[in-house]
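Please read each point alongside the model.

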Amino acid sequence: MRGFLPALALCAVASSGWFAEVPQKPSARQQLMRANNLGVAYLNQQKLDQALKEFQEVVAADKDNTSGQLNLGIALLNLGRVPQAEAALQRAAQLDAKNPAVPYNLGLLHRNNGQAEQAIADFTRAAQLAPDDTYAHYFLGDVYSQQQKYPEAEKEFRRAVELNPVNVSAEFGLAGSLRRQGKADEAKPHFERFQKLTREKLGSPISQIYGEQGPLSLARIIPGEPPVPAAIPVKFAVLGPESGLPTASAEGKPTNVESPGPGICVFDLDGDGLLDVLLPNSAGQLALYLNRRKKGFENATKGSGLQDVRNAIGCAVGDYDNDTKADVAITTGDRVLLFHNEGGAKFSDHTNATHVEVSGHPLSATFVDYDHDGDLDLYVTRSDGGNLLLRNNGDNTFTDVTTQTQLQGDGAGVMLASDVNSDRAIDLVLTSTRASPSVYLNPREGAFKAERPWTQPMPSSSLGVVALDFNKDGWTDFAFTHPTAPGLTLWRSVNGKSFEAAQLPNLNLQRAWGVAAVDYDNDGWIDLAVVGESDRGFEIRLLRNLGPKGFEDVTAAVGLDKLKLQSPRALVAPDIDGDGDSDLLITQADGSLVALRNDGGNKNHSLRLALKGLNDNRSAFGTKVQVFAGESQQKWELAGSSGYLAQGPAEIIAGLGQETHADVVRMLWPTGVYQDEIELAANERHEILEIDRRGSSCPVLFAWNGSRYEFITDVIGAAVIGHWVGPNQRDLPDPDEYIKIDGSRVQTHNGRLRFTFAEPMEEVNYLDQARLVAVDHPASADIYPNERFVANPPFPEFKIITAQHPHAPAGAWDDAGHDVLPALLTHDHRYVTGFKLLHFAGFAEPHSLVLDLGKWDASRPLHLLLDGFTEYFTANSMYAAYQANIAVTAPYVEAQEADGSWKRVIEDMGFPAGLPRTITVDLTGKVKPGTRKLRIVTNLQIYWDQALVENSAPQQRVRTIEVPLAAARLHFHGYPRADESRFPGDLNYTYENVSLTGPYARHIGSYTRYGEVLPLLKAADDKFVVFGSGEEVMLDFDPSKLPKVPEGWKRDYLFYANGFVKDMDFYAADAFTVDPLPFHKMGIYPNPPSSKYPVDARSLEYLLEYNTRYQSGNGVSEYRYVYPGR
C-alpha cells in the first residue's frame, strides 16, 4: 500500500491510516446471492468473462437455481458459446417452464445460429407467455424476414409497434418487409418515422450487445439483502484551534445573519497531496492555510500576495492559463480580483492585465469551461445588474460575453456547472434569492436556453445547489437550499429533460445556506449535509441515503445534533486529514470556521481520486467519472463550485463499502477522451492524468507487401464534414483523394492485390468508392498525383505529375535565417522544426520556409514536390484560436523580386492532408524567369521532410490501367498499435499487433452490416459503407488482366478513395451521431432541411438492406488498449 497521510496529530484516533472492519462471514445463501448479483453487475459493464465466472459459481453451488441457470445461459449466449448456452437455457426451461425469458433467449440463440424454425417456435412461445412484450413480436418479425416470409413479418412488426409506438427497430423492420412486398410507398413513411424516433431519441433500436435486446434478454438479480448496507458507527468531532485553522467556539458571538458570506475553497495548492484551505473572509481579511500533515495547518497568508484582500465574500480556484498551477478569483463587495499562481504559495494580482472588470456587487465566482475550448472561463453572480460570463480568450485575457450567451440570470445566487441533459455540453444551473432556480442549456454556439424544468413548483427562491446521482440511474440530480421552509429540496432527473421532487425527511428548517453531497460512511451511496436555521437555532443536518427507501435523518446518530452554529454559510466535505473519509468544514458569518473530523467513516473502504487534465482544462472541471466496484456503480461530475459559496477539491472520494478495490474507474474528460483505469486498490490516493491519445486522424490504409500488411498513410483527410471554421460556418469537404503507393510495397496474395481501409480511432467513415489504378511509367521517372489539402474550391483536379530529374533546392532557411537544407534533402523523417507552437492544437506562430530554386528553365514546367505531414487543427482548437483572434493562415507562396521585396504568387499552396505524403505545387507561369527564392508562409503545424524542385522536362508518357475491385468485406479488426518514435505526430501502425479495445467512443446510429459490401463501392453514388471505431474494409483487387510492364518501365499504384469522414470533436456538426448521412451534392454539412439525404426507391433499398447494424454507443467493455503480451 502506498503511504498515506495520517490523521492530524491533534485529532489522532486509534489507527492513523485508512482501515475497515473485518466483516462477518456471509452465509451460503448470501454467498450465492452475491455471486449472482455480482455477475449481473459485470454483465451490465460488458465484462462477460467475469460475469460467466460468477454464474458458474452460482450453479456449482445450486444446480437447481433457476435464476442462476438462466443467467449462465445469457452470459454464454453473449460470449458466443452456443452449445453451452443452449444446455444452460434448456436446464432453466426444465426448472421453470413458464418463464418467458427462457424461450426468448433460446430464440436469440437459434436466430443468431441460423436455426430459423426453432427461433420462430421460441419467440412464439415467449410471446404467448408475455403477450405484451413488444420485442418478442419484433424478433418474430425479424426471423420471418430472414425466411422471406414478408406478410408474416409485417404482421409481427405491426403488432410490436402497436404494443410500443416507439419501438424503432419494429418501424425499421416494417419498412423493410413492406419494401420486399413491393410496397415502397407504404415503406417510406415507416422508415422516416424510424429516422425521426432515433434522431429525437424517443427510442433506441435493437443492437447486438447485451442490454439492448429487450427486457427479457437481461439477467436477473436474486433479491435478498437491501441494496444499502447497514449503517456503521460514525461520529463527527469538532476540531479546535490546535488544528491551526481559525476555528471558534461553536457558540460564537452573534453576527449579522443577513451577511451573504463568507465562502470557502479547498484545494491542493502546492501539489503535495494534502488539502489546503482558502477563506475569503476570516476576521475581515483573506486567509490561506497550508496543510502540514501532522503539524496541522499553517497560516501562509503573509507574503502570499493575497494578504491585502479585505472583506471578501467568495472565491474560486482554477488553472485559467493551463500552467499546472491553480489560480484564484476573489469576489468582494465591489469587484472581482484575479490572482495568478506564481508557485511556492505566491500569487500576483492579474486583475487588470486579464481585463477582469466587474462591478455591481459580485457575490460568487466559478471557473467553468463553458465553450469547451480547453481554457477556463469565469462566471460571476452579482446582486446588481445581472450576472456576468467572462470568456477566456486563450491569451491570458477575458472578454464579457454575457449578452451573446444570454446568461445574465436573475442575480444574487450561485452557479453550478453540470451536463444536465447528458449531451456533453456543460449547462449552467443558477440559483437566485429573487426567483426559483434556472437551468441554462448549452447550445454550443450562441445564446443559452433558459428553462425551469421542475415538474412541481419550487417552494421559494434558492441559495445553494449541489449535483449528485442519488438513485444511481446515471442521470444527475440536484439538491437546492432555500431562504424559506423547507430549507432543502431534492430533485430527481427524468432522463435529463425534467425534474421531479424527491421525498426528504421533515427537517423543520426555516432557511438554509450550504449543502454538500457526501458519502459520509463510504457505503457507496451519496448522502446529503445541509446547514441552516430551524426553530432550534442554527444547525447542521445529515441525511443518510437508503437507496429505494429514501433518506434518513442521522444527525443525532453521528453526534451533530449537539453542535451549535452561529450563522453558518458555506459547507464543504473534503478529507482534510487524509484518512479516507469525508470531514466537514463550515464557514460562519463572523469569519470563523467550524471543522468537523469524521471518526468511523473509514471503517468502510474508499477510493480517493485526484484528476488532472493533460493539456487543456488541466483543472479537469467537467470530467465525468464512473466507479464500478463489485455490484456497486457510482457517478460524479467534477465541477468548479458546489453548494453555496463553496468549492471543494478537484478530487472524488468514492465509498466502496467492503470492496477492497474498484474494478474500473472510467473517465470521460472534457476533451471527449474516454479512459479506463482498472483494479485500483482501496484506501489509497490515486492521481489520474488524462491519457495522451489522438481522437482522430482519418481512416488509414494498409497494403499487403508479400509478408504483412504495411502501413501506407491516412486517406481522405480533406473529406471531414461539419468542421467548425468560423461562427456559424462549416468547412466544404473535398471527398476524394489519390494516394501513391510504390509498386515495391504491393504484392499479390492468392492472386489478389490486398488492402485494408481501417478506422483506428473514433471517427465515423462513409466510404463510397474504392479504386486501384496501376500506373506504368519509365523507370527513370517518378510519378505523383496532383493532391493537396486546400481550404476552398477549386479542389485539385486529377492529373499525374512526372518527375525525371528532381533535385534539392540550392538552399533552404527558416524565418530565423537558420540553414534547414540538410533536413530537406532526403525522405528520412527528419523534419524542419524550430517554429513556436501555440497551445491551440495544430497552430503555430506565423513562420516561413525560404527555398532557393537554383537555376531553372522557364520554358519547362516548374513544380515543387514537398513531402511532409500536418499536425491537424481540430474544430475545438479552431474555435479556441478564433477567440484569441487567430485564424488559419493556409500556406501561401511569395517570390522574391529583383529589389528584394516579396510578392505573393500563390494564395493557397495547400498542405499534406494528414500523415506523411508528397504534395505537388505547380509554379509554372506563376514566378518570373530568373526568380531564385520562394517563401512559404503559414501559421499551421506543417512539418516538411523533403523538398524537391522538378524542372527537368515536359511531362513523361505514362500508362494507367484500372485494377478491378473483386471483393470488399467489412468487419471488426481492432486497434493496431501506433508508434510515434520517429517523430511526434508522424504515426506508424503495426497492423498485426492489435488491441480489441481502445479509449474510443462510437457515434450513435445505423452502420453498415458486417460482411460483403462490394456493391456499395463500385461507384460514387451516395451508397456508403458506414463504419466506425476499430472496424475496417478489406479490399481485394484483381490484377490478372494487367498487361506486362514494358522493358525499362516500372509499375506504381494510385489508391483512390471517395467518401466522407466525421469526427467526435465537440464543435463538429452532429458530432456524436451517424446521421444525418452526407451526400455529394450537399455542399456544406449539415445540409439544410431543404437539401437532405435523398430517400427514394433506390436509396431506401440500400438503407434497409445494408445499414442495419445499430450502435447505441454503449457496450464497450474497456476504454483502454490491451495489446498481446501486456
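1. In helix α1, N36, V40 and L43 meet S67, G68, N71, I74 and A75 of helix α3, contact meaning heavy atoms within 4.5 Å. Helices (H or I, at least four residues) and strands (E, at least two) are DSSP runs numbered from the N terminus. The model is predicted, so local features need pLDDT of at least 70 and side-chain atom pairs count only at pLDDT 80 or more, while totals for chains, interfaces and linings use all residues. Residues are numbered from 1 along each chain as its sequence is written, and side-chain values use heavy atoms, with hydrogens and water left out.

2. The axes of α1 (residues 28-44) and α3 (residues 66-78) lie 11 Å apart, at an angle of about 25 degrees; axes are lines fitted to C-alpha atoms, for helices over the stretch in contact, and angles run from 0 to 180 degrees between N-to-C directions. The two helices α1 and α3 are therefore roughly parallel, a term for angles under 35 degrees.

3. An open sheet of mixed pairing has three strands in the order β33-β29-β36. Because β33 (651-657) and β36 (685-689) each have a single partner strand, they stand at the edges, and one side of each is left without a neighbour in the sheet. From one strand to the next, the twist averages 25 degrees. Six bridges join β29 (residues 605-612) to β33 in the antiparallel sense; strands pair if DSSP finds at least two bridges between them. L609 has I652 in β33 as its bridge partner.

4. Strand β6 (residues 312-318) is largely enclosed by the rest of the structure, since seven of its seven residues are buried, that is, under 20% relative accessible area (1.4 Å probe, protein chains only). Its antiparallel pairing with β7 (residues 327-332) runs over six bridges, and A312 has T332 in β7 as its bridge partner.

5. T555 occupies the loop between β25 (551-553) and β26 (568-572). With 4% relative accessibility, T555 counts as buried. Its side chain reaches the backbone nitrogen of L542 at 3.0 Å. Leaving aside residues up to four places away in sequence, T555 touches I540, R541, L542, L560 and D561.

6. V725 belongs to strand β39 (residues 724-726). At 35% relative accessibility, V725 counts as partly exposed, the class between buried and exposed, the latter being over 50%. Beyond residues up to four places away in sequence, V725 touches R730, D731 and M878. The C-alpha atoms of V725 and S877 are separated by 10.0 Å, although these residues are 152 residues apart along the chain.

Definitions and conventions
Polar contact = N/O pair within 3.5 Å; in protein donor to acceptor, adjacent residues only side chain to side chain. Parallel < 35°, antiparallel > 145°, perpendicular 65-115°, else oblique.
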